[in-house]
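Visitor: I would like to learn how to read a few features of a protein model. Can you take me through them one at a time?

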Amino acid sequence: MEARERKERILKQRQVLLFFVLLGIAQAASKPRRYSVAEETEEGSFVANLFKDLGLEGGKVAARRPRVVSKEKKLNLQLDRQTGDLLLSEKLDREALCGPTEPCVLPFQVFLEKPVQFFQGELLVQDINDHSPEFPHRELLLKILENSEPGTRFPLKSAQDLDVGSNGLQQYTISPNSHFHVLTRNHSEGKKSPELVQDRALDREEQAEFSLTLTAWDGGSPPRSGTVLVRILIMDVNDNAPEFVHTPYEVQVLESSPRDSLVLTVLARDADAGNFGSVSYGLFQASDEIQQTFWIHEATGEIRLKKELDFEKIKSYHVEIEATDGGGLSGKGIVVVEVVDVNDNAPELTISSFTSSVPENAPETMVTIFRIRDRDSGENGKMVCSIQNDLPFLLKPTLKNFYTLMTDGALDRESRAEYNITITVTDLGTPRLKTQHNITVQVSDVNDNAPAFSQASYTMYVPENNSPALHIGTVRATDSDSGANAQLPAHLLPPHDPHLALASLVSINADNGQLFALRALDYEALQAFEFRVGAADRGSPALSSQALVRVLVLDANDNAPFVLYPLQNASAPCTELLPRAAEPGYLLTKVVAVDRDSGQNAWLSFQLLKATEPGLFGVWPHNGEVRTARLLSERDAPRHRLLLLVKDNGEPPQSASVTLHVLLVDGFSQPYLPPPEVARQPAQPDALTLYLVIALASVSSLFLFSLLLFVALRLCRRTRPASLPGGSVPEGRFLGHLLDVSGAGTLSHSYQYEVCLAGDSGAGEFNFLKPMVPNLLLQDPGREVKENPHCRNSFEFS
């Protein structure tokens, strides 16, 4: 039950509220109520009771906080909230509030709260006759010819009355006299001026001067008046008044004319002679604006400017002029001055909206909206708006004199990041004036450029045996974008070769792209390797690129030459057999050596350091061939030991030595003598004498045998050609060549020698087999060397 009553109460409240709202809207839209009050009414005077006029209950309205508001800065009314009386807050002066405007209406509004209501009102300030007519001068001087005809009218200067309507100036009167009366002339603009009318003929000899009082009356109750003394001088016969040659005069003057410029020269003629015919010029009843703008030369009639003209303020002037002769007669004229507009105002440009940054790759984008105007008129006020032709922007006219600056398609920040745009507004006047406004538009970056390495591939060189963390090179990548879109951290990409442990070989500085070797490299184990580096920017989405890096390990001279032949690690030394009949240059053997290094570090040279018989043997430095240097003689020892040095061309050079044992034989059928290294142990000291005797006998026998053998060989050499290079070995016992050696310098081919000495032959028979040339020997100098079990001095290199 209570809930139902509460709902009904709320419904009634809403209905009442809706009623007041609708009532307020209806009253706000109704015709405003007008109240009137006479000016100069005292402050606090009662105007009206608003509550009563508006049909509001006084007791309830006070709670709604009624108040009077006005659009004017100063509120002339106040409202008593309790009684609803509308009172004056100050004394009103109609002339100060409205001037010559009639009627003088002051709008106001009455505002109420809870609910909100507005009532329109108007306060009509009624004029009272509180101003009297006033003449501009205390005395008026009027000169009239004595022959002036009755009925002639003479214009007089008007009086001014600040009141309006019936309280304003209504008529003129003049003091009673027998010769003149005054007429009130009504002008089209409501202005009233006096004209003095001659009633009868004048006689200067009878009365040369009249002093009359001119009175101006308003229509107030009681009426107010103003007076001026009119002195009338009767002039001697001067029956012709000056007349202007043209009236009205029409002239056009440029607004740019400087001060004291000649506007035109007026001319008035007087038919009289003498002093009565001389004419002086002046302005007649000129307003303050005309007096401040023009002046006329009394004698010449030249009208000149006193200040500069402004077409935009005043476009034409109506100047009344007066020509007065020496007798006091005057003629009136009008000069119409039209101000001609010149192009003296440059166009104006006002920015309404401006966007200083435009994203690249965006379609047409608004940059700025601006308005242009020109204070001149005609062709001088017509304008043309433009920008530079070489810019990707265009101007679009929108509303009148409004333009929009747009991008003409997508921009590219990498091509140009900033545009300086000059908006030029030019009028069509002569000369043309223009206004320029410069704006700067920044193109904001978009991540539309992938990083680019300075090279598609890099080749870097690292000396072997390098120190760890050695800087081996730098890869450089650039990005045409800016900001985060141009930040390019570098990184290593996984190698294609799964067996390449790239992470243990090199590392890269992500900030500057510097590459470092993480450990010492060995040229003989790894001569080169390659990998890829990547660079990705920090844009969204991120863009990346790759570059190939090839690292070449530079060889260092860290390996000494290795002698392949003759072997130095065998249990028995190698012995070379040399026929005594060998000619100079006979090839004894060839020292074969290799170097694991490369380049000039593997260039080998050979040198004979020591020999049992100096001068007997020589070594070719580039190929290691050991040859005889001269003919052998009987005095030469049967055994010789040669010490050879094999040296590379590195810095510093490394070397290896090799020892050769040479056995001189008379013929290859001579029993083989054991080398010194395997000779018998020295005899006991007590058998020394016996051995000396045997030795002497043997030497003597050997010398005799050698002499006989030498003679026999000489004879045989003459009777048959030699079958060996030395020419002293019988054919059929040996092969065609003792050694088959090819190559020069550091061996270009690998050699396999097999030298066999038959151990079961008491005659010491040698078999020299054909050399084998396996190509893998030099490629792998570490191949195993094996001794042939079937041959006593036979070696195989595998």
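Guide: We will take a sheet, then salt bridges, then a surface patch.

Guide: This is a predicted model: local features need pLDDT of at least 70, side-chain atom pairs count only at pLDDT 80 or more, and totals for chains, interfaces and linings use all residues. Residues are numbered from 1 along each chain as its sequence is written, and side-chain values use heavy atoms, with hydrogens and water left out.

Visitor: Which strands form the open sheet, and in what order?

Guide: Start with the terms. Strands (E, at least two residues) and helices (H or I, at least four) are DSSP runs, numbered from the N terminus. Two strands pair if DSSP finds at least two bridges between them. Here four strands make an open sheet, ordered 33-40-39-36, with mixed pairing. Strand 33 (457-463) and strand 36 are the edge strands, each pairing on one side only. On average, neighbouring strands of this sheet are turned by 30° against each other, direction ignored. That angle uses axes, which are lines fitted to C-alpha atoms (for helices over the stretch in contact); angles run from 0 to 180 degrees between N-to-C directions.

Visitor: How many bridges join strand 33 to strand 40?

Guide: Seven, and the two strands run parallel. Val 462 stands opposite Val 553 in strand 40.

Visitor: And how does strand 39 pair with strand 40 and with strand 36?

Guide: Antiparallel in each case. Strand 39 (residues 528-536) has three bridges to strand 36 (residues 490-492). Leu 492 faces Val 533 of strand 39 there. Nine bridges tie strand 39 to strand 40 (residues 544-554). Ala 535 has Ser 545 in strand 40 as its bridge partner. When you look at side chains, keep a rule in mind: in a regular strand they alternate between the two faces of the sheet.

Visitor: Next, salt bridges. How many does the structure hold?

Guide: The general idea is that side chains of opposite charge can pair when their charged atoms come close. The criterion is a side-chain nitrogen of Lys or Arg within 4 Å of a carboxyl oxygen of Asp or Glu. The structure holds 18. In one of them, Arg 231 meets Glu 209, with the closest N and O atoms 3.0 Å apart. This pair links distant parts of the chain: Arg 231 lies in strand 14 (residues 225-235) and Glu 209 in strand 13 (residues 209-218), 22 residues apart.

Visitor: What about the pair Glu 414 and Arg 413?

Guide: Their side chains form a salt bridge at 3.3 Å, N to O. Glu 414 is partly exposed at 23%, whereas Arg 413 is buried at 13%. Elsewhere, salt bridges with shared partners join Glu 139, Glu 209 and Arg 231 into one network.

Visitor: Last, which residues form the nonpolar surface patch?

Guide: Patches consist of residues with over 30% relative accessible area and no salt bridge; like charges are joined within 9 Å, nonpolar side chains (Val, Leu, Ile, Met, Phe, Trp, Tyr) within 5 Å. Here the members are Phe 703, Leu 707, Phe 710, Val 711 and Leu 715, with about 500 Å² of accessible area together. Areas come from the Shrake-Rupley method with a 1.4 Å probe; for residues, only the protein chains shown count as cover. Phe 703 sits in helix 7 (residues 688-719) and is exposed at 60% relative accessibility.

How values were computed
Buried < 20%, exposed > 50% of the residue type's maximum accessible area, 1.4 Å probe, protein only.
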